[in-house]
Amino acid sequence: MIIDIHTHTLCPGVNDILGGPPPRGAVPYQRDMSEESRAVDGAQGPDLMQKFNDGPTRDRAMAAMGVDFQIIAPAPGQQHYWAEADLLARLSRAQNDHVAATVGRDTGRFAGLGTLPLSAPDAAVREATRAVEELGLRGFQIDSRAHEMELSDPALDPVWARLAQLGAVLAIHPLGFSHGQRLSDFFMVNVVGQPLEEIIAVHHLIFGGVLDRHPDLRVLVAHGGGYFPYYVGRMDHAWNARPELRRLIGDAPSTYLRRMWYDTCVFDAPTLARLVDLTGADRVMMGSDWPFDMGDADPVTLVRAAVPDAAAQAAVLSGTAVDFFRLAR
């Protein structure tokens, strides 16, 4: 069973709850991209909407990619952590209900990740409980920070503790860059900004002691872990050289490579081979980022080119995801 662990849907009801499209300034990706890139995104809109929510279109895409099973998560542009707590809770609830309904079309071929009202931690704990226990979602996709709170903020500890208790996974998937004013040109808001956000989030999880305080929290970092796996040597050097980086953790940052999981959405076989070498095939899962144009249209071929060992290849294509998401064998 070949599993794609990184695909998306989009909840049509979100803008109705908001009373219209969100302010452009509320979504960094929209705020910072150039007018040229905004026009390209706009032209893709109708096609993307069909791919997000039309079942036969999704089925055909899976067949073309050679995928048997998908993990479906909300589109990250609907996280909206800027909203006040009650509104944000309604938005998260609507998206989680939508994901559950999408998955419910065929639970033998789909499983779901939801979203959380993360900037309202009490509400996030309640929604996590509901979405796992009542809807059967396997975990939650979040941004790389919760509005003004970084992921190391102690206010978020009850959320991480509850996710660990529920056995729910945590997937980090930013959209754009929080301070992306320099990233407008050449689509840097995505190409540079998102992997940069991911290493910042990982930095907080490691140096902020989150992974030590919550050893049972299972964290997936999209897009091959961002820049983290490929620049961990500098983090280790800083940990050795700077006492303030050793204040909350006793082990080098590189030891945390195997405390997290990663997808294969790196587009390059040598890069993916390096990721598997650094972390192990039991920490890497095939993910396409479908249906976005920044997704990998042929992830199975990439895995087969990058991971020639049969056992490791089987793990990346299927086995690691089965274990991570606790899917039926």
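Gln 194 lies in helix H9, which spans residues 193-207. The model is predicted. Gln 194 is buried, at 3% relative accessible area. Beyond its neighbours within four places in sequence, Gln 194 touches His 173, Pro 174, Leu 175, Gly 176, Val 189 and His 223. Ile 200 is also placed in helix H9. Its relative accessibility is 28%, so Ile 200 counts as partly exposed. The C-alpha atom of Ile 200 lies 9.4 Å from that of Leu 151. Along the chain, Ile 200 and Leu 151 are 49 residues apart.

Helix packing was examined next. Two packed helices are described by the angle between their axes and the distance between the axes. Helix H5 covers residues 85-103, and helix H6 covers residues 121-133. Their axes come within 11 Å and cross at roughly 15°. An angle under 35 degrees counts as roughly parallel, and H5 and H6 are therefore roughly parallel to each other. The crossing of H5 past H6 is right-handed. On the H5 side, the contact is made by Ala 89, Ser 92, Arg 93, Asn 96 and Asp 97. On the H6 side, Ala 123, Glu 127, Arg 130 and Ala 131 take part. By class, this contact of H5 with H6 holds 3 nonpolar, 2 polar and 4 charged residues.

H6 also packs against H7. The angle is about 15°, and the axes are 9 Å apart. That makes H6 roughly parallel to H7. H6 passes H7 in a right-handed crossing. H6 contributes Pro 121, Ala 124, Val 125, Ala 128, Thr 129, Val 132 and Glu 133 to the contact. H7 contributes Pro 158, Val 159, Arg 162, Leu 163 and Leu 166. The class count for the contact of H6 with H7 is 9 nonpolar, 1 polar and 2 charged residues.

Helix H7 runs over residues 157-166. Its buried residues are Asp 157, Val 159, Trp 160, Arg 162, Leu 163 and Leu 166. An α-helix has 3.6 residues a turn, so residues three or four places apart point the same way. The buried residues of H7 pack against H6 and helix H10 (210-213). They also pack against two strands, S4 (139-142) and S7 (169-172). Just after H7, Gly 167 adopts a positive phi of about 75°.

The search of the whole structure returns 3 aromatic pairs. One of them joins Phe 52 and Phe 292. This pair is edge-to-face, with 5.6 Å centre to centre and 70° between the planes. Phe 52 sits in helix H3 (residues 35-53). Phe 292 sits in the loop between strand S10 (284-285) and helix H14 (299-306). The pair thus links distant parts of the chain, 240 residues apart. Phe 52 is buried, at 3% relative accessibility. Phe 292 is partly exposed, at 26%.

A further pair joins Trp 261 and Phe 324. The arrangement is tilted, with 4.9 Å centre to centre and 40° between the planes. Trp 261 lies in strand S9 (residues 260-263) and Phe 324 in helix H15 (residues 310-325), so the pair ties together parts that are 63 residues apart in sequence. Trp 261 counts as buried at 12% relative accessibility. Phe 324 counts as buried at 2%. Trp 261, Phe 324 and Phe 325 form one aromatic cluster.

Backbone exceptions complete the picture. Most residues other than glycine have a negative phi, and most peptide bonds are trans. His 147 is not a glycine, yet has a positive phi of about 55°. This residue lies in the loop between strand S5 (145-146) and strand S6 (149-150). His 147 is partly exposed, at 35% relative accessibility.

The loop between S10 and H14 holds Asp 289. Asp 289 is not a glycine either, and has a positive phi of about 65°. Asp 289 is buried, with a relative accessible area of 5%. Pro 291 is placed in the loop between S10 and H14 as well. The peptide bond from Trp 290 to Pro 291 is cis, with omega near 10°. Phe 292, the partner of Phe 52 in the edge-to-face pair, belongs to this loop too.

Definitions and conventions. Residues are numbered from 1 along each chain as its sequence is written. This is a predicted model: local features need pLDDT of at least 70, side-chain atom pairs count only at pLDDT 80 or more; totals for chains, interfaces and linings use all residues. Side-chain values use heavy atoms; hydrogens and water are left out. Axes are lines fitted to C-alpha atoms, for helices over the stretch in contact, and angles run from 0 to 180 degrees between N-to-C directions. Helices (H or I, at least four residues) and strands (E, at least two) are DSSP runs, numbered from the N terminus. Angles under 35 degrees count as roughly parallel, over 145 as roughly antiparallel, 65 to 115 as roughly perpendicular and the rest as oblique. A crossing is left-handed if the near helix is turned anticlockwise from the far one by less than a right angle, and right-handed if clockwise. Contact means heavy atoms within 4.5 Å. Ala, Val, Leu, Ile, Met, Phe, Trp, Tyr, Cys and Pro count as nonpolar, Asp, Glu, Lys and Arg as charged, and the others, Gly among them, as polar. Buried means under 20% relative accessible area, exposed over 50%, partly exposed in between (1.4 Å probe, protein chains only). Rings of Phe, Tyr and Trp (its six-membered ring) pair if their centres lie within 6.5 Å; planes under 30 degrees apart count as stacked, over 60 as edge-to-face and the rest as tilted.
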